[in-house]
Amino acid sequence: MSVLVYTENWNGAFKKSAFELASYAKATAALLNSSAIAVTVGKLADGELEKLANYGIEKMITIDEAAFSGFSAQAYGATVAKVAIAQNAEVVIFGNNPTGEAIAPRVAVRLDAGLATGAMQLPTNAPFTVRKRAYSGKAFADFVIESAVKVITLTQNSFKLIEQPVAISEENFDAEIPANAGAVKVTDLVKASEKLSVNDAEILVSAGRGLKGPENWGMIEEMADILGGTTCCSRPVSDLDWRPHSEHVGQTGKVVAPNLYIAVGISGAIQHLAGVNSSKVIVVINTDADAPFFEAADYGIVGDAFDVVPKLNEALKAFKANS
Amino acid sequence: MKALICIGHVPDTTSKIRFTDDNTQFDKTDIQYIVGPYEELGLTRLLELKAEIGSLHITAVNVGLPEADATLRKALAIGADDAIRVDADPKDAMFTAKQIAAVYKSGTYDIIVTGKESIDYNGGQMAGMVGELLDLPSVSGVSKITSDGSKATLERETDGGTETIEATFPIVISAGKGFAIEPKIPNMRGIMQARRKKLTVIPAVEQAEKTKTSKHYLPEAKAACKLVAPDNINELVRLLHEEAKAI
Ligand SMILES: Cc1cc2nc3c(=O)[nH]c(=O)nc-3n(C[C@H](O)[C@H](O)[C@H](O)COP(=O)(O)OP(=O)(O)OC[C@H]3O[C@@H](n4cnc5c(N)ncnc54)[C@H](O)[C@@H]3O)c2cc1C
Ligand SMILES: Nc1ncnc2c1ncn2[C@@H]1O[C@H](COP(=O)(O)O)[C@@H](O)[C@H]1O
């Protein structure tokens, strides 16, 4: 038996999310007295294999990317399911991200497995139970998976990295392309900017309609730079095209769980909170002491962003210079 | 062309969430139910496509109890041509997907549209499951669709960037943000017409459940927010560093 985890690589390199998934897979394997195996599509750069071994992965299954004509949920799903069967996997783990969302349900059907998406913590066994996000972050639910094989997607930033180096072996596996997979073809990919993505950032500086217009985002970007984080925004801000849609967080945008979420000029509507209330620490800066966001915040400043943010940036710069 | 749009019957986005029976059951008291926000975008865009292509028959489908009829009527009022309700409690994703796959097989549809995720259990799994059950390609989290009626061009946001995808029918897609700009609100005429449109109720097909929800939890109440005076910014930096260990 094994626990299989799908770890995405980017031009052959892993991101932190892959190490989080590896740590989670290893811990799940420990719970079930089995071993953790990873699967990836595309050739890994030198040294990447060892990085995953550092988090307890004992075997890496590599699938040649050339066999696929771009990403296809159907072909990737069929292939990963075949790997799972070959490796006798009892649990298959994906990230709760666009790739996992596309593949995991297809793998679950192929393996006749129950699926729990958006896991927040390690499963417990007998019965196999996964705590997941529900009601768009307004609640959690314990999902009992009753099938022999279980499929889970893990919410990013919800499990800690656990270093525990092991020896790792590598195996190649042939892609499985269903006959009609050619009906969808990726014809173009506009690469995301090199900027740290909203999902990957541990510190998010977010701003809302309180900032009045896109020309005022310089100080928000500056704060994100000082803190080594990235920027995001409320929905009206992206609807108004003040900021790119990829920055929209909330119920209908990205769901995030950073270590620190700083909200400037955002009222804290329930749909906004739904996407951010799993953040570990929340700071709110708002002129209105009655803004609902203060109820969800750990720290707050009742004040004008145009006065507070520049001062805070100076203080953070001084702090960074001394630390 | 014929489209099947999967309509979830979900609590309004402003709902306060509560549970009963030792946190095992969702408390439906005072809850307003709506068409899921993503499938609302899906339906809106299908109606635009109908105008662009010239002919597109749109069937709204829900797997649910009789209480979901009102939500299906809302989909009809927005503009769906007819509706099907599979009469069952949609407790498990695989069960629900199996019902939708059965409805697909009972007709001749070119495209199945679901929402990116439901806003109750946030599964985000229906499109992939239905696709796999029917051996059809699926594209999830689609942010844009154009079509001439014989093929479609889709866009999808991934962590790697924005993919453009050429697709032929039949296909399953899930509608994400951007699929339509603003959801279409039903007007008086739509509401009047919806009353006369066909809503067929059919029995469920057999499918064992794979998952069960055993218990719910509400997020722990936060300790009161610590307020820092705007002229005492260094104190906030100190708290974030020493107390919260966030910087
Ligand atoms: C179905 C549905 C889904 C939705 N999904 C989302 C979602 O995913 N994400 C999302 O964000 N919203 C979502 N919304 C919208 C949500 O309800 C709110 O309308 C939105 O979050 C408000 O954005 P805001 O706080 O930026 O703007 P506003 O509500 O306009 O708030 C601006 C805030 O800035 C403060 N302010 C003004 N001037 C200053 C200043 N100089 N300094 C400091 N503070 C200042 C004000 O006091 C106010 O609190 C959704 C709504 C619906 C109906
Ligand atoms: N009971 C249901 N009846 C019809 N469609 C559903 C049902 N549940 C979910 N869906 C559709 O599947 C999408 C994704 O749901 P989920 O996988 O549960 O997050 C929703 O946005 C709906 O379009």
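Predicted model: local features only at pLDDT ≥ 70, side-chain atom pairs only at ≥ 80, totals over all residues.

Biologist: Which two chain elements hold K59(A) and E171(A)?
Modeller: The side chains of K59(A) and E171(A) meet in a salt bridge, at 3.4 Å from N to O. This pair links distant parts of the chain, 112 residues apart, and the elements concerned are strand 3 (residues 59–63) and strand 9 (residues 169–173) of chain A.

Biologist: Is E163(B) buried or exposed?
Modeller: E163(B) forms a salt bridge with R156(B), and their closest N and O atoms are 3.1 Å apart. R156(B) has a relative accessible area of 3% and is buried. Since buried means under 20% relative accessible area, E163(B), at 8%, also counts as buried.

Biologist: What is the N to O distance in the salt bridge between K222(B) and D298(A)?
Modeller: K222(B) lies in the loop between strand 14 and strand 15 (226–227) of chain B, and D298(A) in the loop between helix 8 (293–296) and strand 15 (299–302) of chain A, so the pair joins two chains. K222(B) is partly exposed, with a relative accessible area of 30%. The side chains meet at an N to O distance of 2.8 Å.

Biologist: How many charged residues are in the lining of the second largest pocket?
Modeller: The second largest pocket, with a volume of about 1200 Å³, is lined by 45 residues, and among those nearest its centre are D89(B) and K91(B). The lining divides into 17 nonpolar and 16 polar residues, while the charged ones number 12.

Conventions. Residues numbered from 1 in each chain as written. Chains lettered and ligands numbered in written order. Heavy atoms only, no water. 1 Å grid on protein atoms, 1.4 Å probe; cavity = no way out; pocket = protein on both sides within 12 Å on 5 of 7 lines; lining within 4 Å. Points joined across faces, edges and corners; volume = space filled by probe spheres on them. Nonpolar A, V, L, I, M, F, W, Y, C, P; charged D, E, K, R; others polar. Salt bridge = Lys/Arg side-chain N within 4 Å of Asp/Glu carboxyl O. Helix = DSSP H or I, 4+ residues; strand = E, 2+ residues; numbered from the N terminus. Buried < 20%, exposed > 50% of the residue type's maximum accessible area, 1.4 Å probe, protein only.
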